[in-house]
Amino acid sequence: MSDAQAILFRKKRLQAFRGRGKLYSWLRAHREKIAGGLASGEYTWAMLCAECARHGVMSRQGGPPERTAAWKAWQTLCRDLAASGESPGERPPRRVYPSQTPKGWVPPGIAAAIAAGNPAVEGVRPVGTGAEASAGTALVPRAPPPPPVPPTRAEGKVPFSRLADPDDPPEVHAAYAELEEQFDKADWYLLAGSSKKRR
Amino acid sequence: MPDGQMRPVDRPPILWIALGRQRVGKTALLNTAVQYFRAEGKPVRVWNADQQNRSHTLSMFFPDADEVPNGGIEDGKAWIEARIEELIKDRYDAVLDVGGGATGFSRLVQEVPVLEAIEGSAVRVVGLFCIGPEKADLDYLEQFAEVDRFMPAASVIVLNTGLVLSGRSAGGAFKPVLAHPAIKGALAHGAKVAMMPALTCMAQVTDRGLTFAEAMDGRGKDGGEPLSLFDRARVNRWWTRDVPEFFGKLPAEWLPAARVEAQPSDSEAG
């Protein structure tokens, strides 16, 4: 048995990447094993090329890929992964879909935020109460917070007019606020019979 | 003494000057103002320096109006100078209709610091900048505020809703104009902004040469037709409600004061 037959990767469906070849896709699909084997010296490029050919990924000439070509493709893969903050030896954690979320699962950081009393997680509290409290969390319908109270206008303060810009001086706001009332009256007269229109 | 009314001896004479381009309602405003003040017992002299118009001038409505003689801009300028000197000397309230376009008044303003000269003689000048909903209506305000420096401390920007096209809201029509920095700058320097109420049948009144009181009462002039029933109702509401509201929003010290009859002194009475 030659070295090339010493490793057996399970066949995987290859994902195509734009501007990249099949060899690149194969290396990417098996990157954790390849990275580990290369780092430990267990795999050689010749072995990898032979395994690649066993999976049906051939060179243009119909034979196993060249070692140089495989090495170059590996370098490209390493650069691509580095650009997205990944490394060949590590696979990003699998997505956990809501249907597969285990009971009591706590999003990272939320439990700490609850414990710290962070107002950002207001409405989220551990499941159960008192002795039944678990480490998990749940969105528990609480009494909704009171509606925000509009800022009360202090006595003697200059009114705000939407006809003026927010950064206009108070004299302009005061004058325009008074005008708005007059406009409303005038519109009732000028547009008699029509509904009041927003400006 | 009612609030806001000072004895003429205690207060400076008022000179109302209506400014603005042509067809923005300067004469209509002053016509309304003079009728209103006189109806309130406030004597106001009328100066008609509008050399462009011959019909619908203040002279048509007020036979006692002083009218600029026919002539060029220089004649108009000299006439205005003479009137102002007379006002400073004799201390009375007056309104001045300078007309639109290039006028004797605009020439005078370009030549000399008129405002300082008049106000330095203890006369309160009230500038009424009449504008409609077009941005070009602000040219006068910009010109006088920034170039010619004729911006009295007592200035009113009068938004003439009579110029708003039928079917438009006043607020929507004037919104672009109100966003203009010329108006905001004037307001920041103490000017007031006021909305001149619209009278849709204004032309019917002025074409007949009627005063608003006559129009409201259904009177004709020189055998002419009185206003229709509904136009009389329109004038009635405008004259008795909208116009007093308009003038009521202006500072009292910017308005002419009522004549004070000579009262016998204590020694004479006693």
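Please bear in mind that the model is predicted.

I begin with the helix itself. H3 of chain A spans residues 45-54. Four of its residues, A:Leu48, A:Cys49, A:Glu51 and A:Cys52, are buried. Around the helix axis they cover an arc of only 165°, which puts them on the same side of H3(A).

What do the buried residues of H3(A) pack against? Their partners in chain A are helix H1 (22-29), helix H2 (31-40) and H4.

Let me turn to H4, which comprises residues 67-83 of chain A. The axes of H3 and H4 lie 9 Å apart, and the two helices pack at an angle of about 90°. H3(A) is therefore roughly perpendicular to H4(A). On the H3(A) side, the contact involves A:Trp45, A:Ala46, A:Leu48, A:Cys49 and A:Cys52; on the H4(A) side, A:Arg67, A:Ala70 and A:Trp71 take part. By class, the residues of this contact comprise 7 nonpolar and 1 charged, with no polar residue.

After H3(A) comes A:Gly56, which has a positive phi, near 90°.

Finally, I come to the contact between the chains. Here 18 residues of chain A are in contact with 16 residues of chain B. The side of chain A that touches chain B divides into 11 nonpolar, 1 polar and 6 charged residues.

Technical notes:
Residues numbered from 1 in each chain as written. Chains lettered and ligands numbered in written order. Predicted model: local features only at pLDDT ≥ 70, side-chain atom pairs only at ≥ 80, totals over all residues. Axes fitted to C-alpha atoms, helices over the stretch in contact; angles between N-to-C directions. Parallel < 35°, antiparallel > 145°, perpendicular 65-115°, else oblique. Contact = placed C-beta atoms within 7 Å. Nonpolar A, V, L, I, M, F, W, Y, C, P; charged D, E, K, R; others polar. Buried ≥ 20, exposed ≤ 12 C-beta atoms within 10 Å, placed from the backbone. Arc of directions from axis to C-beta.
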